[in-house]
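User: I am new to this model and would like a friendly tour. Could you take me through it step by step?

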Amino acid sequence: MAKNNNDKENKKPVENQKEEPKKNVDKLQNNELLRLSTAGSVDDGKSTLIGRLLYDTKSVMKDQYEAIRATSKKKGEEDVNLAYLTDGLKSEREQGITIDVAYRYFNTANRKFIISDTPGHVQYTRNMITGASKSNVAIILVDARKGISEQTRRHSFIASLLKIPHVIYAVNKMDLIDYDEQKFNKIRNQLKQFSAKLRCSDIRFIPISALKGDNVTTKSQKTNWYKGGHLLGMLENIEIFSDNNLVDARFDIQTVIRPHSDKWHDFRGYAGKIVSGSFETGQKVQVLPSGFETRIKDMRVYKDLINHACTPASIVMQLEDDIDAGRGDMIARVDNLPKTSQNFDAMICWMSEDVMLPRKKYLLKHGSNEVTAMITKKVYTLDVNTFSKAEDQSLQLGLNDIARISIKTSKPINFDDFESNRANGSFILIDTQTNETIAAGMIK
């Protein structure tokens, strides 16, 4: 598959967009990255919409476009099927559906984007959760001819469950209903009534035609009654930095840096990522799980010293005292500590074809920390179509099931509730025998 990152005629090389490392945290937020996912029913036009965004932003290489034009002509299609830019599997093109999660990248002058094209079929719910788990924005497509469907409700609920802060309902295929304002308003009102039950802070609505390009990257004259902007403009201007948890300072240690050189003989730095909040030089912190308290001696980005750093920066931190800390440990401010426990409840989506077995030991990965874990209780199973809770005493879960469960780990982990801190409240479960990721979890 051709990579559009190398299209030098249409895009600047990534290295030309980088700036020299900065001395303060504000400048580290330049060239902001937005992650978005598409969802919706089968054949609602998710892949076509992504293809349109890629094509209109000149993120498609010439030979790539010629290839999909030839494929479209061979299949007797009137227009170039831009969905082929993301539907790369042979079975996807043959059936005209999305099966696997496809990731695509593009830039504009204002922002960088990673798009995940997720499948709409019920049996691929796990793929949708995988693609949307790190998204800042979810675009849920609705067929203008059919209105709200079961998948619309399911994907809206999953977006709410994953605490995706921004949801855009794109009413697609407006060209097939002659850009009818009344039909759009009817669907919008139904979506407003339905989405009021969800926990999404920012919900927007837009009429589009992914095939014809209406309101995707330019404002369409065929929807003069629509007073909002186009979709790309929304994506470029949505404020996402404030969606991060900027209060709870959590530094996840990934490795310890000890250079073996005369110049750095006594250097002991902790490299990792600030998963939430911010830190300052001289601040009093606690290393977990040991509980030792110390102060931050200095912080570095590359070779440059900085006095202040915040999420999602990756830095190297030095402490004033020599403390035994390593991968999987966490540094937090002494006046704002995470929870530390071996027992907690979580919502999980079961992603394996093998059913969950009672009291089987799994590997739980939380940030860079890995511990053995066991599911001790299933509180209830959730029906994502009706939002109802089914309580039963069995400990079994099947593929795509979503349930609230109780977990016991072999040693304490440092976590926050997913509701208040997405980054430090999520985890995955791994089968120790097959190394397969079998569940994604959100701590309650």
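Analyst: Let's begin with a term: contact means heavy atoms within 4.5 Å. This is a predicted model, where local features need pLDDT of at least 70, side-chain atom pairs count only at pLDDT 80 or more, and totals for chains, interfaces and linings use all residues. Residues are numbered from 1 along each chain as its sequence is written, and side-chain values use heavy atoms, with hydrogens and water left out.

User: Which residues is D202 in contact with, leaving aside its neighbours within four places in sequence?

Analyst: D202 sits in strand β6; helices (H or I, at least four residues) and strands (E, at least two) are DSSP runs, numbered from the N terminus. D202 counts as buried at 18% relative accessibility, since buried means under 20% relative accessible area, exposed over 50% and partly exposed in between (1.4 Å probe, protein chains only). With the neighbours within four places in sequence set aside, the contacts of D202 are P165, H166 and V167.

User: In what order do the six strands of the open sheet run?

Analyst: Two strands pair if DSSP finds at least two bridges between them. The edge strands, each pairing on one side only, are β2 (102-107) and β6. The pairing in this open sheet is mixed, and the order is β2-β3-β1-β4-β5-β6.

User: At about what angle does α2 run to β3?

Analyst: Axes are lines fitted to C-alpha atoms, for helices over the stretch in contact, and angles run from 0 to 180 degrees between N-to-C directions. Helix α5 (residues 125-132) lies across β1, β2 and β3, at about 160° to β1. As for α2, this helix lies across β1, β2, β3 (112-117) and β4, and its angle to β3 is about 160°.

User: How many aromatic pairs are there?

Analyst: Rings of Phe, Tyr and Trp (its six-membered ring) pair if their centres lie within 6.5 Å; planes under 30 degrees apart count as stacked, over 60 as edge-to-face and the rest as tilted. Ring pairs also link F344, F415 and F427 into a cluster. By this rule, the count of aromatic pairs is eight.

User: Why is the pair of Y55 and Y65 stacked?

Analyst: The pair joins distant parts of the chain, with Y55 in helix α2 (residues 46-56) and Y65 in helix α3 (residues 62-74), 10 residues apart. Y55 is partly exposed, at 35% relative accessibility. The ring centres of Y55 and Y65 are 5.0 Å apart, and the pair is stacked because the planes stand at 20°.

User: Are Y169 and F205 buried or exposed?

Analyst: The rings of Y169 and F205 form a stacked pair, because their centres are 5.7 Å apart and their planes are at 10°. Y169 belongs to strand β5 (residues 166-172) and F205 to strand β6 (residues 202-207), 36 residues apart. The relative accessibility of Y169 is 1% and the relative accessible area of F205 is 14%, so both Y169 and F205 are buried.

User: How many of the six residues of strand β14 are buried?

Analyst: Strand β8 (residues 269-276) pairs with β14 in the antiparallel sense over four bridges, and K273 stands opposite S314. Strand β11 (residues 292-301) also pairs with β14 in the antiparallel sense over four bridges, with R300 as bridge partner of V316. Strand β14 (residues 314-319) is largely enclosed by the rest of the structure, because the number of its six residues that are buried is five.
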